[in-house]
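Please open the model in your viewer and keep the selection panel at hand.

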There are 2 protein chains.
Amino acid sequence: MDFQITARDSASSARCGLLSSAAGHIETPAFMPCASHAVVRACSPQDIAAAGIQVVMCNAFHLLIRPGSEVIQQAGGLRNFMNWPGLIATDSGGFQVFSLADRSDITEDGVSIRSPLDGRPIQVTPELSIQVQNQLGADIIMAFDDCTPYPCGHEEAARSMERTLRWAQRSKVAHNNAEQALFGIVQGSVYADLRRESARAIAEIGFPGYAIGGVSVGESEAEIFTALDTALPELPLETPKHLLGVGVPAQMIAAVKRGVDLFDCVLPTRNARHGLLYTWEGIVRINNAQYREDSRPLSQSCDCPACTHYSRAYLHHLFRIEEAAAWRLLTLHNLRFFARLMEQIREAIGTGNLGELHARMAANTGEQTGGEGGKTT
Amino acid sequence: MDFQITARDSASSARCGLLSSAAGHIETPAFMPCASHAVVRACSPQDIAAAGIQVVMCNAFHLLIRPGSEVIQQAGGLRNFMNWPGLIATDSGGFQVFSLADRSDITEDGVSIRSPLDGRPIQVTPELSIQVQNQLGADIIMAFDDCTPYPCGHEEAARSMERTLRWAQRSKVAHNNAEQALFGIVQGSVYADLRRESARAIAEIGFPGYAIGGVSVGESEAEIFTALDTALPELPLETPKHLLGVGVPAQMIAAVKRGVDLFDCVLPTRNARHGLLYTWEGIVRINNAQYREDSRPLSQSCDCPACTHYSRAYLHHLFRIEEAAAWRLLTLHNLRFFARLMEQIREAIGTGNLGELHARMAANTGEQTGGEGGKTT
């Protein structure tokens, strides 16, 4: 993997970049929708590419359970399996494993859980996570980390952060696929000293890119930014930075200003399936009775299949009857919005207008927030 | 509506036709997938048109319940509401009403039911059904008929058939939209004398087209063909004939040979959602473990989005995780098969090869049958 910074904002730490792998390249800042099970829910990979999405985030744990990482390896890796033309990242599965485990099931070795599919016991270790991710063959893979719960006392947060460091070291040793970039993960909960220490130590181990984890789990927006403000200065400037699980537009721009390059979040896709649509004219909740006879498109200024073909009245009807066709069309709308938002962010960095875009998005989409454990689907 | 016969088979009563309405024209024999709620489940109207489907069948009763026929009338009718480029038929809702009602709720006036949505009582009469269908604005609409249950004694079948005739007369009087063609419906259960009498009397009332109802409700294939053999000779030769609820490929060809022009059925769409796929090489049940690592497309000879983009292994995975994306891709595959099947039927009528195609399809798709009350979704 190669990362070239192509433009810098004079008023902030924001930058544009070109992230390249053997499979191609993407422009950053970039947003990755969740394709946890090797599919963005209700949509085909072809649909997602047509929306202008460059990269998706799959989940090692979900894919280990079904269809199994060997099946995907046999198929030539995730890109072939999904026939996806863009880049792919995989999450280590840490977050999902921890949501299934009791804290008492966590030892220095790893995490003991039972398969949600058939109840068979699985010992998930850094080595297993990396082996699975090597088999899946994504362009970017994540170290297996101890996802610190929230809220969490300083002492427990410190223990969890230190374990994450040891697991990062083991992840690096286990990694065995030169075509994949392994990202180290910063933890430390809401504690500035721990975030700083975590970032410093993870940078010392040394990775081609870094992710900020354990955010958007219920803490305040200010605490997310504190985590970034303390961690990012400790990480090598020229490497790509990924903020895990944050997808609120104004929060993403605030993070870009701090030097973040990559995002993943379920918000645009999950919100679409719940009828919350992003438009340049503001949020539309398509379930509202006011749209029952509204012949206008969701957004006049959007070129997605939902906006170019169907009325709000028709989408309202499809949503009310709980049609899978609605989930797809609304998901494609929100992803088109996110693809264009990231384009606008990159443009604004080039032209020095990021502050203006930030204010506009804060006003536009401010009424909905993230912070619901953004990494789950 | 205009119907021109453009070719006749020398070996049977099969014919090709051009059915035209103000909205455009379609080639017959034609198959209409069920879009009961103004949507083919899991697919967008744009998807369905791209599959080569010319006409869809919506349901007056479902649309009366949601979103309400006034909403669709306000939108300029179903074609505008759905933004559907082809022709549309609506079913009278008789079948759905009868599935909700007790036989004791049926009087000469109509059928008393409670709304499946909010429990409010609705008296469905021929006049209401036609009013709703006039508001929906489809090209072809159906008389409100008494759907004879199966099995049914001769006496009850006769009473039901006679009521259907009186309701057909009331439907014709109530019909008040010159741009729509109202089809009369033949009933008579499995009794040749009743089918003959029903067809004769319905032809005497006089309609621009006719449908054969009360078939594919559990009776044998031979009984379906007896119903056709006795009814069709009594109906005006040059009018279009619709066989309601039959969608088994070989049965459709057998019906075409008897002079049927139009079909509707849930089989291709419901089977797709249940993982049963039609291919020119035979039936594929995508849930089978044998497809887990199968990198081939569903069908080498199919040009649908599922076959041109994805492997059996990927579709198997999407189906196993119960993904709406699978329902859509598999539905589009089956509808593409049905669109091409109807093309081949029309071609075979022109070239005198219908018998050969019939034998081929009986061998190809013989293992699955209809007869599950094909009119429900």
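What rotation superposes chain A on chain B, and with how much shift along its axis? The rotation is 180 degrees with 0.0 Å of shift, and the RMSD is 0.0 Å; copies are superposed by least squares on the C-alpha atoms of residues with pLDDT of at least 70 in both. The two copies are thus related as by a two-fold rotation axis. Select Ala324(A) next: within chain A, its C-alpha is the nearest to the axis, at 2.9 Å. The same surface serves both copies, as 100% of the contact residues of chain A recur in chain B (contact means heavy atoms within 4.5 Å).

This is a predicted model, in which local features need pLDDT of at least 70 and side-chain atom pairs count only at pLDDT 80 or more, while totals for chains, interfaces and linings use all residues. Residues are numbered from 1 along each chain as its sequence is written, chains are lettered from A and ligands numbered from 1 in the order in which they are written, and side-chain values use heavy atoms, with hydrogens and water left out.

**Stop 1: the sheet of chain A**

Select the eight strands that form an open sheet in the order 4-13-12-11-10-9-6-5 in chain A; their pairing is parallel. Helices (H or I, at least four residues) and strands (E, at least two) are DSSP runs numbered from the N terminus, and two strands pair if DSSP finds at least two bridges between them. Strand 4 (30-33) and strand 5 (55-59) of chain A stand at the edges with a single partner strand each, so one side of each is left without a neighbour in the sheet. From one strand to the next, the twist averages 25 degrees (axes are lines fitted to C-alpha atoms, for helices over the stretch in contact, and angles run from 0 to 180 degrees between N-to-C directions).

Now select strand 13 (residues 262-265) of chain A, which pairs with strand 4 of chain A over four bridges in the parallel sense. Met32(A) has Asp264(A) in strand 13 of chain A as its bridge partner. Helix 6 (residues 126-136) of chain A packs on this sheet and touches strand 6 (87-91), strand 9 (140-142) and strand 10 (181-186) of chain A.

**Stop 2: two helices of chain A**

Select helix 14 (residues 324-351) and helix 15 (residues 354-365) of chain A, whose axes come within 8 Å and cross at roughly 150 degrees. That makes helix 14 of chain A roughly antiparallel to helix 15 of chain A; angles under 35 degrees count as roughly parallel, over 145 as roughly antiparallel, 65 to 115 as roughly perpendicular and the rest as oblique. Among the residues making the contact are Phe337(A) and Leu341(A) of helix 14 of chain A, and Leu357(A) and Met361(A) of helix 15 of chain A.

**Stop 3: the sheet of chain B**

Move to chain B and select the open sheet of three strands in the order 1-2-3, with antiparallel pairing. Strand 1 (2-8) and strand 3 (24-28) of chain B are at the edges, each with a single partner strand, so one side of each is left without a neighbour in the sheet. Strand 2 (residues 15-21) of chain B is joined to strand 3 of chain B by five bridges, and Ser21(B) has Gly24(B) in strand 3 of chain B as its bridge partner. Helix 14 (residues 324-351) of chain B packs on the sheet, touching strand 1, strand 2 and strand 3 of chain B.
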